[in-house]
Amino acid sequence: DVMTVSPRFTLLNLLFIMLVGCAGMPSDFEEPALTVTSVALRNSNGIAPEFDIMLHITNPNRTPLSLVGMSYSLQLAGNKVVTGVANKLPVIEAYGEADVSIRAAVSVMGGIRLLSELMTRNPEQIDYQFEAKLDTGKLRPRININRTGTIVLRGTR
């Protein structure tokens with residue numbers, strides 16, 4: 001007599017495996033808070049100017065937040081001037097916080113558009129938009145962050 005497995009038995013086993021797998025993922029995960037604390041133009045000797053972007057990340061969860069990587073972009077005065085990635089990010093302890101510094105070079109075309117904007121308008125401040133995708137490397141989706149603010153340009157006149 002050949003033993004046959006009923007489709008109902010297989011379906012119940014599959015559902016059980018899925019439920020057990022999902023039980024290991026915390027459902028109370030809260031998105032970390034990310035603040036752009038500063039965006040500063042560096043004194044660089046290269047062709048393309050560089051920015052230091054300081055981020056402050058707070059982990060509101062009961063488990064450490066291990067960031068595998070991040071992709072980001074920075075727009076200044078409506079011009080996308082910086083895109084980049086970072087992979088040397090700290091582990092943020094449970095209910096902890098950390099400062100992250102990113103050094104980012106301006107793209108040539110974005111830099112030309114920004115320079116043209118600054119020369120024609122000569123503003124005292126410019127608006128920025130910082131977008132990032134944080135990768136925790138787990139089964140969670142990437143965390144999308146979008147922050148806006150203003151950079152004061154002191155001594156530009």
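Q: What does the side chain of asparagine 61 reach, and at what distance?
A: In this predicted model, the asparagine 61 side chain gets to the backbone nitrogen of glutamate 30, at 2.6 Å.

Q: Where's asparagine 61 in the fold?
A: Asparagine 61 is in the loop that runs between strand S2 (50-58) and strand S3 (65-66).

Q: Buried or exposed?
A: Asparagine 61 is buried, with a relative accessible area of 5%.

Q: Which residues does asparagine 61 touch, if I skip those up to four places away in sequence?
A: On that count, asparagine 61 touches Asp28, Phe29, Glu30, Ala94 and Tyr95.

Q: Let's zoom out. How many helices and strands does the chain have?
A: Two helices and nine strands. Going from the N terminus, the order of elements is α-β-β-β-β-β-β-β-α-β-β.

Q: How much of the chain counts as buried?
A: 28% of the 157 residues. As for contacts between residues at least 6 apart in sequence, 64% join residues at least 24 apart.

Q: How many aromatic pairs are there?
A: The count is one aromatic pair. Tyrosine 72 and phenylalanine 130 make a stacked pair, with 6.1 Å from centre to centre and 20° between the planes. Tyrosine 72 belongs to strand S4 (residues 69-76) and phenylalanine 130 to strand S8, 58 residues apart, and the pair links these distant parts of the chain.

Q: Are tyrosine 72 and phenylalanine 130 buried or exposed?
A: Tyrosine 72 and phenylalanine 130 are both buried. As for S4, six of its eight residues are buried, so the strand is largely enclosed by the rest of the structure.

Q: How many bridges join S4 to S8?
A: Eight, and S4 and S8 run antiparallel.

Q: How does S4 pair with S5?
A: S4 and strand S5 (residues 79-86) pair in the antiparallel sense, over seven bridges. One example is glutamine 75, whose bridge partner in S5 is lysine 80.

Q: What's up with alanine 77 in that hairpin?
A: The hairpin of S4 and S5 has two residues between the strands, and alanine 77 there takes a positive phi near 50°. Alanine 77 is partly exposed, with a relative accessible area of 24%.

Q: Switching to helix H2: how far apart are its end C-alpha atoms?
A: They are 20 Å apart. At 1.5 Å a residue, the 14 residues of H2 (residues 108-121) should span 20 Å, which agrees.

Q: Which residues of H2 are buried?
A: Gly110, Gly111 and Leu114 are buried. Looking down the axis of H2, the buried residues fall within an arc of 95°, so they line one face of the helix. S4, S5 and S8 are among what covers them.

Q: Which exposed residues are on the face of H2 turned away from the buried side?
A: That face carries Val108, Met109, Ile112, Met119 and Thr120. Just after H2 comes asparagine 122, with a positive phi of about 50°.

Q: Last one: where does threonine 136 lie?
A: Threonine 136 lies in the loop between strand S8 (125-135) and strand S9 (143-152). At 4% relative accessibility, threonine 136 counts as buried.

Q: What is threonine 136 in contact with, leaving aside neighbours within four places in sequence?
A: Threonine 136 is in contact with Leu65, Ser66, Leu67, Val68 and Ile143.

Key
Residues are numbered from 1 along each chain as its sequence is written. This is a predicted model: local features need pLDDT of at least 70, side-chain atom pairs count only at pLDDT 80 or more; totals for chains, interfaces and linings use all residues. Side-chain values use heavy atoms; hydrogens and water are left out. Helices (H or I, at least four residues) and strands (E, at least two) are DSSP runs, numbered from the N terminus. Buried means under 20% relative accessible area, exposed over 50%, partly exposed in between (1.4 Å probe, protein chains only). Contact means heavy atoms within 4.5 Å. Rings of Phe, Tyr and Trp (its six-membered ring) pair if their centres lie within 6.5 Å; planes under 30 degrees apart count as stacked, over 60 as edge-to-face and the rest as tilted. Two strands pair if DSSP finds at least two bridges between them. The expected span of a helix is 1.5 Å times one less than its number of residues. The arc is that of the directions from the helix axis to the C-beta atoms. A polar contact is a pair of N or O atoms within 3.5 Å; within protein, one must be able to donate a hydrogen and the other to accept it, and residues adjacent in sequence count only if both atoms are side-chain atoms.
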